[in-house]
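Notebook open, structure loaded. I'm jotting down what I looked up, roughly in the order I got to it.

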Amino acid sequence: MKTIIVPIDFSEHSEYALKTAARLAKKFNSELLALHMLEMSDIMLSASDGMQNQKAMFFLQLAEQKFEDFLKKDYLKDVRVTPIIKHYKVFSEVNDVAIKNNADLIIMGSQGASGIKEFFVGSNTERVVRHAEIPVLVVKNNITDVNFDEVVFACDFSEETIESYLKATNFFRKLESKLNLVYVNLPNERFKSSIEIEKLVVNFLTKAERNLDKMKDVHYVSDYNIENGVLNFANKMGADIIAMPTHGKKGLAHFFEGSVGEDVANHATLPVITFKI
(Lines give C-alpha, C1' and ligand atoms only; values in the text may rest on other atoms or scores of the structure.)
Protein backbone atom coordinates (compact mmCIF):
# COMPACT_ATOMS: atom_id res chain seq x y z
CA MET A 1 0.00 0.00 0.00
CA LYS A 2 2.12 2.84 -1.32
CA THR A 3 -0.32 5.74 -1.60
CA ILE A 4 -3.42 6.68 0.45
CA ILE A 5 -5.75 9.58 -0.40
CA VAL A 6 -7.63 11.43 2.35
CA PRO A 7 -10.16 14.10 1.30
CA ILE A 8 -10.14 16.88 3.92
CA ASP A 9 -12.92 19.37 4.64
CA PHE A 10 -11.54 20.46 8.06
CA SER A 11 -14.35 18.66 9.91
CA GLU A 12 -13.96 16.41 12.93
CA HIS A 13 -14.83 13.40 10.80
CA SER A 14 -12.22 14.16 8.16
CA GLU A 15 -9.68 14.25 10.98
CA TYR A 16 -10.82 10.76 12.02
CA ALA A 17 -10.03 9.70 8.46
CA LEU A 18 -6.65 11.46 8.57
CA LYS A 19 -5.71 9.74 11.84
CA THR A 20 -6.67 6.35 10.41
CA ALA A 21 -4.67 7.05 7.27
CA ALA A 22 -1.65 8.09 9.35
CA ARG A 23 -1.74 4.81 11.29
CA LEU A 24 -1.96 2.77 8.09
CA ALA A 25 0.78 4.87 6.49
CA LYS A 26 3.13 4.15 9.38
CA LYS A 27 2.28 0.45 9.16
CA PHE A 28 3.02 0.23 5.43
CA ASN A 29 5.40 3.19 4.99
CA SER A 30 2.83 4.78 2.66
CA GLU A 31 2.57 8.32 1.36
CA LEU A 32 -0.53 10.31 2.29
CA LEU A 33 -2.16 12.59 -0.25
CA ALA A 34 -4.24 15.04 1.79
CA LEU A 35 -6.80 16.39 -0.68
CA HIS A 36 -8.88 19.53 -0.18
CA MET A 37 -11.60 20.27 -2.72
CA LEU A 38 -11.87 24.05 -2.97
CA GLU A 39 -15.33 24.79 -4.35
CA MET A 40 -15.09 27.90 -6.48
CA SER A 41 -17.55 28.89 -9.18
CA ASP A 42 -16.65 28.47 -12.85
CA ILE A 43 -17.18 32.20 -13.29
CA MET A 44 -14.57 33.05 -10.66
CA LEU A 45 -12.08 30.53 -12.01
CA SER A 46 -12.41 31.57 -15.66
CA ALA A 47 -13.15 35.29 -15.40
CA SER A 48 -10.63 37.67 -16.94
CA ASP A 49 -11.82 40.50 -14.71
CA GLY A 50 -9.02 41.68 -12.42
CA MET A 51 -11.21 41.85 -9.32
CA GLN A 52 -12.49 38.31 -9.83
CA ASN A 53 -8.94 37.05 -10.23
CA GLN A 54 -7.93 38.77 -7.01
CA LYS A 55 -10.86 37.14 -5.20
CA ALA A 56 -9.89 33.74 -6.56
CA MET A 57 -6.28 34.19 -5.43
CA PHE A 58 -7.43 35.37 -2.00
CA PHE A 59 -9.63 32.31 -1.43
CA LEU A 60 -6.92 29.99 -2.73
CA GLN A 61 -4.30 31.46 -0.38
CA LEU A 62 -6.78 31.33 2.51
CA ALA A 63 -7.47 27.64 1.82
CA GLU A 64 -3.76 26.87 1.54
CA GLN A 65 -3.06 28.50 4.93
CA LYS A 66 -5.99 26.76 6.62
CA PHE A 67 -4.92 23.46 5.07
CA GLU A 68 -1.33 23.92 6.23
CA ASP A 69 -2.49 24.64 9.79
CA PHE A 70 -4.86 21.65 9.76
CA LEU A 71 -2.01 19.31 8.83
CA LYS A 72 0.17 20.38 11.77
CA LYS A 73 -0.65 17.26 13.80
CA ASP A 74 1.62 15.28 16.10
CA TYR A 75 0.28 12.01 14.71
CA LEU A 76 1.56 12.98 11.25
CA LYS A 77 5.14 13.06 12.47
CA ASP A 78 7.34 10.74 10.39
CA VAL A 79 4.55 10.36 7.80
CA ARG A 80 5.08 11.56 4.23
CA VAL A 81 2.19 13.96 3.57
CA THR A 82 1.58 15.74 0.28
CA PRO A 83 -1.14 18.42 0.42
CA ILE A 84 -3.21 18.83 -2.75
CA ILE A 85 -5.80 21.54 -3.41
CA LYS A 86 -8.13 21.08 -6.37
CA HIS A 87 -10.71 23.50 -7.71
CA TYR A 88 -13.37 20.83 -8.05
CA LYS A 89 -17.04 21.25 -7.31
CA VAL A 90 -17.93 17.55 -7.25
CA PHE A 91 -16.33 14.82 -5.17
CA SER A 92 -16.70 12.26 -7.96
CA GLU A 93 -13.43 13.65 -9.33
CA VAL A 94 -11.50 12.29 -6.35
CA ASN A 95 -11.18 9.18 -8.53
CA ASP A 96 -9.26 11.21 -11.13
CA VAL A 97 -6.73 12.17 -8.47
CA ALA A 98 -6.51 8.53 -7.38
CA ILE A 99 -5.83 7.31 -10.90
CA LYS A 100 -3.28 10.04 -11.64
CA ASN A 101 -1.33 9.22 -8.47
CA ASN A 102 -1.77 5.44 -8.71
CA ALA A 103 -3.34 5.41 -5.24
CA ASP A 104 -4.23 2.20 -3.42
CA LEU A 105 -6.89 3.41 -0.99
CA ILE A 106 -9.21 6.35 -0.28
CA ILE A 107 -10.15 7.02 3.34
CA MET A 108 -13.11 9.27 4.11
CA GLY A 109 -14.80 10.40 7.30
CA SER A 110 -18.58 10.25 7.65
CA GLN A 111 -20.93 11.11 10.48
CA GLY A 112 -23.39 8.45 9.31
CA ALA A 113 -27.09 8.71 10.05
CA SER A 114 -28.47 11.08 12.64
CA GLY A 115 -32.24 11.12 13.02
CA ILE A 116 -33.78 11.92 9.64
CA LYS A 117 -30.44 13.11 8.31
CA GLU A 118 -28.71 10.50 6.17
CA PHE A 119 -25.18 11.69 5.56
CA PHE A 120 -23.99 8.83 3.41
CA VAL A 121 -26.87 8.73 0.94
CA GLY A 122 -26.42 11.45 -1.67
CA SER A 123 -23.39 12.80 0.19
CA ASN A 124 -19.84 13.45 -0.91
CA THR A 125 -18.80 10.17 0.70
CA GLU A 126 -21.37 8.24 -1.32
CA ARG A 127 -20.28 9.97 -4.53
CA VAL A 128 -16.67 9.01 -3.91
CA VAL A 129 -17.67 5.39 -3.23
CA ARG A 130 -19.68 5.18 -6.44
CA HIS A 131 -16.98 6.63 -8.68
CA ALA A 132 -13.83 5.21 -7.12
CA GLU A 133 -12.01 2.43 -8.93
CA ILE A 134 -10.04 1.62 -5.77
CA PRO A 135 -11.21 0.61 -2.28
CA VAL A 136 -12.85 3.32 -0.16
CA LEU A 137 -12.66 3.08 3.62
CA VAL A 138 -15.39 5.01 5.47
CA VAL A 139 -14.74 5.80 9.14
CA LYS A 140 -17.00 7.51 11.66
CA ASN A 141 -14.90 7.72 14.78
CA ASN A 142 -11.35 7.63 16.06
CA ILE A 143 -9.92 4.23 15.14
CA THR A 144 -7.03 3.31 17.41
CA ASP A 145 -6.33 -0.13 15.91
CA VAL A 146 -5.92 -0.54 12.14
CA ASN A 147 -4.97 -4.22 12.21
CA PHE A 148 -8.56 -5.19 11.34
CA ASP A 149 -8.06 -8.76 12.57
CA GLU A 150 -11.67 -9.86 11.99
CA VAL A 151 -13.35 -8.83 8.73
CA VAL A 152 -16.94 -9.47 7.68
CA PHE A 153 -17.41 -9.57 3.91
CA ALA A 154 -21.13 -9.35 3.07
CA CYS A 155 -21.79 -11.43 -0.01
CA ASP A 156 -24.63 -12.97 -2.04
CA PHE A 157 -22.15 -15.36 -3.70
CA SER A 158 -23.15 -14.29 -7.20
CA GLU A 159 -20.47 -14.61 -9.87
CA GLU A 160 -20.46 -10.85 -10.46
CA THR A 161 -19.09 -10.29 -6.93
CA ILE A 162 -16.08 -12.56 -7.44
CA GLU A 163 -13.87 -9.67 -8.59
CA SER A 164 -14.64 -7.55 -5.53
CA TYR A 165 -14.13 -10.58 -3.30
CA LEU A 166 -10.67 -11.19 -4.79
CA LYS A 167 -9.79 -7.51 -4.32
CA ALA A 168 -10.87 -7.74 -0.68
CA THR A 169 -8.92 -10.97 -0.19
CA ASN A 170 -5.77 -9.39 -1.59
CA PHE A 171 -6.22 -6.21 0.47
CA PHE A 172 -6.74 -7.97 3.80
CA ARG A 173 -4.02 -10.55 3.14
CA LYS A 174 -1.54 -7.69 3.48
CA LEU A 175 -3.03 -6.92 6.90
CA GLU A 176 -3.02 -10.62 7.87
CA SER A 177 -6.73 -10.36 8.61
CA LYS A 178 -9.26 -13.16 8.77
CA LEU A 179 -12.00 -12.76 6.15
CA ASN A 180 -15.41 -14.06 7.25
CA LEU A 181 -17.99 -14.33 4.47
CA VAL A 182 -21.64 -13.91 5.40
CA TYR A 183 -24.82 -14.62 3.46
CA VAL A 184 -28.06 -13.17 4.86
CA ASN A 185 -31.05 -15.43 4.24
CA LEU A 186 -34.35 -13.56 4.06
CA PRO A 187 -37.95 -14.71 4.61
CA ASN A 188 -40.78 -15.11 2.09
CA GLU A 189 -39.97 -15.28 -1.64
CA ARG A 190 -36.27 -14.54 -1.13
CA PHE A 191 -35.74 -17.48 1.22
CA LYS A 192 -33.20 -20.12 0.17
CA SER A 193 -32.68 -23.55 1.68
CA SER A 194 -29.30 -24.50 3.13
CA ILE A 195 -28.69 -26.74 0.11
CA GLU A 196 -29.42 -23.88 -2.32
CA ILE A 197 -27.07 -21.52 -0.49
CA GLU A 198 -24.35 -24.16 -0.33
CA LYS A 199 -24.56 -24.68 -4.10
CA LEU A 200 -24.07 -20.94 -4.59
CA VAL A 201 -21.07 -20.95 -2.25
CA VAL A 202 -19.45 -24.00 -3.90
CA ASN A 203 -19.81 -22.45 -7.36
CA PHE A 204 -18.50 -19.10 -6.09
CA LEU A 205 -15.41 -20.48 -4.33
CA THR A 206 -14.64 -22.93 -7.13
CA LYS A 207 -14.46 -20.07 -9.63
CA ALA A 208 -12.83 -17.56 -7.28
CA GLU A 209 -10.34 -19.76 -5.38
CA ARG A 210 -10.17 -22.98 -7.43
CA ASN A 211 -10.73 -24.80 -4.13
CA LEU A 212 -13.17 -24.97 -1.23
CA ASP A 213 -10.76 -24.19 1.62
CA LYS A 214 -12.72 -21.04 2.53
CA MET A 215 -15.92 -23.01 3.18
CA LYS A 216 -15.00 -23.03 6.87
CA ASP A 217 -15.16 -19.21 6.91
CA VAL A 218 -18.60 -18.97 5.27
CA HIS A 219 -21.57 -18.17 7.49
CA TYR A 220 -25.31 -18.18 6.80
CA VAL A 221 -27.53 -16.00 8.97
CA SER A 222 -31.29 -15.41 8.87
CA ASP A 223 -32.84 -12.01 9.42
CA TYR A 224 -35.74 -9.82 8.32
CA ASN A 225 -33.50 -7.63 6.14
CA ILE A 226 -29.92 -7.68 4.90
CA GLU A 227 -28.82 -4.57 6.79
CA ASN A 228 -29.74 -6.05 10.17
CA GLY A 229 -28.30 -9.41 9.20
CA VAL A 230 -24.91 -7.94 8.32
CA LEU A 231 -24.75 -5.62 11.34
CA ASN A 232 -25.94 -8.25 13.82
CA PHE A 233 -23.47 -10.81 12.50
CA ALA A 234 -20.61 -8.31 12.61
CA ASN A 235 -21.42 -7.50 16.23
CA LYS A 236 -21.70 -11.19 17.14
CA MET A 237 -18.33 -11.93 15.51
CA GLY A 238 -16.67 -8.98 17.21
CA ALA A 239 -15.65 -7.78 13.77
CA ASP A 240 -13.29 -4.86 13.29
CA ILE A 241 -14.55 -3.84 9.86
CA ILE A 242 -17.31 -4.58 7.32
CA ALA A 243 -16.42 -5.06 3.65
CA MET A 244 -18.94 -4.75 0.81
CA PRO A 245 -18.94 -5.06 -2.99
CA THR A 246 -20.08 -2.07 -5.03
CA HIS A 247 -21.15 -1.55 -8.63
CA GLY A 248 -19.82 1.98 -8.53
CA LYS A 249 -21.97 4.34 -10.60
CA LYS A 250 -24.68 1.69 -10.82
CA GLY A 251 -25.10 1.67 -7.06
CA LEU A 252 -24.22 -0.99 -4.54
CA ALA A 253 -24.40 -4.71 -5.27
CA HIS A 254 -27.77 -6.11 -6.32
CA PHE A 255 -28.27 -8.21 -3.22
CA PHE A 256 -28.49 -4.98 -1.25
CA GLU A 257 -32.14 -4.38 -2.06
CA GLY A 258 -33.04 -0.73 -2.52
CA SER A 259 -30.82 1.43 -0.32
CA VAL A 260 -29.77 -1.33 2.09
CA GLY A 261 -26.12 -1.00 1.11
CA GLU A 262 -26.18 2.67 1.93
CA ASP A 263 -28.04 1.84 5.16
CA VAL A 264 -25.28 -0.56 6.23
CA ALA A 265 -22.69 2.15 5.64
CA ASN A 266 -24.89 4.68 7.41
CA HIS A 267 -25.78 2.77 10.53
CA ALA A 268 -22.68 0.66 11.15
CA THR A 269 -20.51 2.00 13.94
CA LEU A 270 -17.68 -0.08 12.48
CA PRO A 271 -15.53 1.11 9.59
CA VAL A 272 -16.92 0.08 6.21
CA ILE A 273 -14.75 -0.57 3.14
CA THR A 274 -16.08 -0.98 -0.39
CA PHE A 275 -14.55 -2.88 -3.31
CA LYS A 276 -15.53 -2.22 -6.91
CA ILE A 277 -17.08 -5.08 -8.86
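Is Glu176 buried or exposed? I looked it up: at 71% relative accessibility, Glu176 counts as exposed. My cut-offs are these: buried means under 20% relative accessible area, exposed over 50%, and partly exposed in between, with a 1.4 Å probe and protein chains only.

Ground rules before I go on. This is a predicted model, where local features need pLDDT of at least 70 and side-chain atom pairs count only at pLDDT 80 or more, while totals for chains, interfaces and linings use all residues. Residues are numbered from 1 along each chain as its sequence is written, and side-chain values use heavy atoms, with hydrogens and water left out.

**Glu176, continued**

I found Glu176 in the loop between H6 and S9. Helices (H or I, at least four residues) and strands (E, at least two) are DSSP runs, numbered from the N terminus. I also checked Glu176 against Asn147: they sit 29 residues apart along the chain, and their C-alpha atoms are separated by 8.0 Å.

**Overall counts**

I get nine helices and twelve strands for the protein. Of its 277 residues, 52% count as buried. For contacts (heavy atoms within 4.5 Å), I took the pairs at least 6 apart in sequence, and 77% of them join residues at least 24 apart.

**The sheet**

I traced an open sheet of ten strands with mixed pairing, in the order S3-S2-S1-S4-S7-S12-S11-S8-S9-S10. Two strands pair here if DSSP finds at least two bridges between them. S3 (80-86) and S10 (218-222) are at the edges with a single partner strand each, so one side of each has no neighbour in the sheet. On average, neighbouring strands are turned by 25° against each other, direction ignored.

I then went through some pairings. S1 (residues 3-7) runs parallel to S2 (residues 31-37), with five bridges joining them; Ile4 stands opposite Leu32 in S2. S7 (residues 136-139) is antiparallel to S12 over three bridges, and there Val138 has Val272 as its bridge partner. S11 and S12 run parallel and are joined by five bridges, with Ala243 partnered to Ile273.

S12 got a second look. Five of its five residues are buried. Val272, Thr274 and Lys276 point one way, and Ile273 and Phe275 the other way. I noted that Lys276 is among the buried ones.

**Helices on the sheet**

H8 (residues 226-237) lies across S8, S9, S10 and S11, at about 145° to S9. Axes are lines fitted to C-alpha atoms, for helices over the stretch in contact, and angles run from 0 to 180 degrees between N-to-C directions.

I checked the length of H8 too: its twelve residues should span 16 Å at 1.5 Å a residue, and the end C-alpha atoms are 16 Å apart, which agrees. The expected span is 1.5 Å times one less than the number of residues. At the N-terminal end Asn225 is the cap, with a side-chain oxygen 3.3 Å from the backbone nitrogen of Glu227. Buried residues in H8 include Ile226, Val230, Leu231 and Phe233. Gly238 follows H8 with a positive phi near 65°.

H1 has 17 residues and reaches 25 Å from first C-alpha to last, close to the 24 Å expected. Its buried residues include His13, Glu15, Tyr16 and Leu18. Just after H1, Asn29 takes a positive phi of about 55°.

**Cores**

What touches the most other members in the largest nonpolar core? Of its 50 residues, the answer is Leu18, Leu32, Ile107, Leu137, Phe172 and Ile273. The largest share of this core, seven residues, comes from H1 (residues 12-28). A nonpolar core here is a set of buried Ala, Val, Leu, Ile, Met, Phe, Trp, Tyr and Cys residues joined through side-chain atoms within 4.5 Å.

I followed up on Ile107: beyond its neighbours within four places in sequence, its contacts include Ile4, Val6, Ala17, Leu24 and Leu137. There is also a second, separate core of 18 residues, which includes Val221, Leu231, Ala234 and Met244.

**Asp217**

At 8% relative accessibility, Asp217 counts as buried. Not counting residues up to four places away in sequence, Asp217 touches Lys178, Leu179, Asn180 and Leu181.

Technical notes
Polar contact = N/O pair within 3.5 Å; in protein donor to acceptor, adjacent residues only side chain to side chain.
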